[in-house]
Amino acid sequence: MKREAPAAARNRQPILDVLRDCLPASGIVLEVASGTGEHAVHFAAALPRFTFQPSDPDAGARASIDAWAAERGLANVQPAIALDATSERWPLARADAVLCSNMIHIAPWQAAVGLVSGAARLLPEHGVLFLYGPYHRDGRPTSAGNAAFDADLQRRNPAWGIRHLEDVAALAMDRGFAAPQIVDMPANNLSLIFRRRARIAR
């Protein structure tokens, strides 16, 4: 029931180091596409002033998330919920931060649109949308490895692929977020930190 992902074990601490600096003082953190659940429990254990709400559209992933939380005995991790990023109705009324790691390149672009639009609906002014993963920058892959990874993704599914940082930033700014803070991460990944501006109708 409990799943493991080598990438999650490698990147969870570098991501946590960035989150410590960008999250608000406390509140509800929604994680979209939580996958195995390893990120959620690692972050929750280190940040006890937050309540973490993991989510995933896959039932097996949700079972893994709940198994990790049960094993760690973390009271600040809520049971995983089913959430489709592309849906116009999310099963949560509000959050103080929304996290999503390594999702938008293995999903159609509409998933990125839905993710950013949903975060805009949930977050208060100054609320944080945190995205982690590989991105093209200035119209180019950031490494030969990312170029090969992008080509492989598109062979597997033409709707997949590493997204351009500028396209994601433009999408978020159109939905009411400020320009991102960009943090270089290990393995040619980036953390993008968007903060919610004044609410707009969508």
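Reader: Which residues touch the most other members of the largest nonpolar core?

Author: A nonpolar core is a set of buried Ala, Val, Leu, Ile, Met, Phe, Trp, Tyr and Cys residues joined through side-chain atoms within 4.5 Å, where buried means under 20% relative accessible area with a 1.4 Å probe, protein chains only. The largest such core has 32 residues, and those touching the most other members are Val32 and Leu115.

Reader: Which element supplies the largest share of this core?

Author: The model is predicted, so local features need pLDDT of at least 70, side-chain atom pairs count only at pLDDT 80 or more, and totals for chains, interfaces and linings use all residues. Residues are numbered from 1 along each chain as its sequence is written, and side-chain values use heavy atoms, without hydrogens and water. Helices (H or I, at least four residues) and strands (E, at least two) are DSSP runs numbered from the N terminus. Elements that each supply at least two core residues include strand S1 (27–32) and helix H4 (109–122); the largest share, 8 residues, comes from H4.

Reader: Which element gives the most to the lining of the largest pocket?

Author: On a 1 Å grid over the protein atoms alone, a pocket is an open set of points where a 1.4 Å probe fits, with protein on both sides within 12 Å along at least five of seven lines; lining residues have an atom within 4 Å of a point. Among the 27 lining residues, Ala33, Gly35, Asp56, Asn102 and Met103 are the closest to the centre of the largest pocket. With 3 residues, the element giving the most to this lining is H1.

Definitions and conventions: Buried < 20%, exposed > 50% of the residue type's maximum accessible area, 1.4 Å probe, protein only.
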